[in-house]
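Please keep the model open while I talk.

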Amino acid sequence: MTYHNILISVHNEILTITINRPDKLNALNKKTIEEIGNAVKNAEADSSIAGIIITGAGPKAFVAGADISEFVNYNAKEGKELSAAGHKIFNSIETCEKPVIAAVNGFALGGGCELAMSCHIRVASDNAKFGQPEVNLGVIPGYGGTQRLIHLIGKGKALEYLMTTDMINAQQALEFGLVNHVTTQDQLIPKCEEIIEKIKKKSPNAIAGVIRCVNANFTDGVDGFQAEIDEFGKCFNSGDFKEGTTAFLEKRSAVFNRGKKINQD
Ligand code: COA
C-alpha cells in the first residue's frame, strides 16, 4: 500500500508508523488519520507483525494537533463528521489486538495527545510536551481527549488541563500516569522496541484477551468482570493455552504461533 503522509518500516516484527509532515509539526489532516488507521488495521491482520510503534518525524513534534487549516471553514455538520471519523480510527487503535505504543518525541498537542492516549502504552522522550489546547481555538477536543484524559490522569487534573490548556512536560506526564516511561531522545524507540520484544514472547491469544478485557472496563453497558470470566474461559480452547501450560510442565520456554487460527468457541 502506498502512503503519502506516513512512513512505515518493519524491524524485528515491529511495525513503526512515522507520521511524516514535519514542516507542519505532523499535524493530522484527514488523509493522515486514514493512513494511520489503514496501517494499524493491516498490521493487526498480518501474522508477521508482533506490535506497532507510532511516532512523529523530525526532532520537534509527535503531532501538534489536528490540522487547523483543514477544518477552519467547516460548519457544525462537517465538524461532527470529522470528529466521528477520527473517533472510529482512534477506537480501532485502542482495540487493536496487538500492542500499540506511542513513542512521543516532542509536542503531543490536541489530536496528537489524543492519538497517544488511544495507544495502549506511551513512552515519551524528555523533550515531550502534552496538551489539549483546543479551547484556545473555540473548539473542544474531538478525538476522545475529554474521555481518555480522565481515564489516564483523573477527572480533576483532566478538567484543569483541558480548561487551562497548560502543557504537561515529560516528567509531569510520568508522575500523572499519562506516560509509562520517559527516556532520552535517542533511547525512545529502543525502549518501545524493548517493551514489544517482551510482549512478543507471550501468548498472542491471551494478549488480545487482556486488551479486550481492559477496554471492556471503559465500555458503557459492558461488565468488565463478566468480560474477564468469558475471555478466561475461551483461553482454555486455545492452542496457546495448550502450548503455554505444556511448556511449563516440560520446563521449557513456550513457543507461540501468531499465525495460528484459534478456536474461540
Ligand atoms: N495545524 C496546522 N498547522 C500546524 C499545526 C496544526 N495543529 N501546528 C503547527 N502547524 C504548522 C504551523 O502553522 C507552521 O506552519 P508554517 O511554517 O507553514 O507557518 C509549522 O507547523 C510550524 O509551527 P510553528 O507554530 O511555526 O512552530 P512553533 O515552534 O513556533 O510552535 C506549537 C509550536 C506546537 C506551539 C505551535 O505550532 C502550535 O501552537 N500549534 C497548534 C497547536 C494546537 O492548537 N493544536 C490543536 C489543534 S485542534
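Let me begin with helix α1, residues 30-45, and helix α3, residues 76-94, whose axes come within 9 Å and cross at roughly 25 degrees; axes here are lines fitted to C-alpha atoms, for helices over the stretch in contact, and angles run from 0 to 180 degrees between N-to-C directions. Because angles under 35 degrees count as roughly parallel, over 145 as roughly antiparallel, 65 to 115 as roughly perpendicular and the rest as oblique, α1 is roughly parallel to α3. The model is a predicted one, so local features need pLDDT of at least 70 and side-chain atom pairs count only at pLDDT 80 or more, while totals for chains, interfaces and linings use all residues. Residues are numbered from 1 along each chain as its sequence is written, and side-chain values use heavy atoms, with hydrogens and water left out. Helices are DSSP runs (H or I, at least four residues), numbered from the N terminus.

The crossing of α1 and α3 is left-handed, a term that applies if the near helix is turned anticlockwise from the far one by less than a right angle, with right-handed for clockwise. On the α1 side K30, I33, E34, I36, G37 and V40 meet L82, I89, F90, S92 and I93 of α3, contact meaning heavy atoms within 4.5 Å. These contact residues divide into 7 nonpolar, 2 polar and 2 charged, where Ala, Val, Leu, Ile, Met, Phe, Trp, Tyr, Cys and Pro count as nonpolar, Asp, Glu, Lys and Arg as charged, and the others, Gly among them, as polar.

Helix α3 also packs with helix α4, residues 111-118, the axes coming within 8 Å and crossing at roughly 35 degrees. There F90, I93 and E94 of α3 meet G111, E114, L115 and S118 of α4, a set of 3 nonpolar, 2 polar and 2 charged residues.

Turning to helix α9, residues 204-216, and helix α10, residues 224-235, we find an angle of about 170 degrees with the axes 8 Å apart, which means that α9 is roughly antiparallel to α10. Their crossing is right-handed, and the contact joins N205, G209, R212, C213 and A216 of α9 to G224, A227, E228, E231 and C235 of α10.

Finally, how many cavities of 30 Å³ or more are there? The count is 1, and the largest cavity holds about 30 Å³, a cavity being a set of points on a 1 Å grid over the protein atoms alone where a 1.4 Å probe fits but cannot get out, and a volume being the space filled by probe spheres set on the points, which are joined across faces, edges and corners. Its lining, residues with an atom within 4 Å of a point, consists of C113, F130, G131, Q132, L149, Y161, D166 and I168.

Technical notes:
1 Å grid on protein atoms, 1.4 Å probe; cavity = no way out; pocket = protein on both sides within 12 Å on 5 of 7 lines; lining within 4 Å. Helix = DSSP H or I, 4+ residues; strand = E, 2+ residues; numbered from the N terminus.
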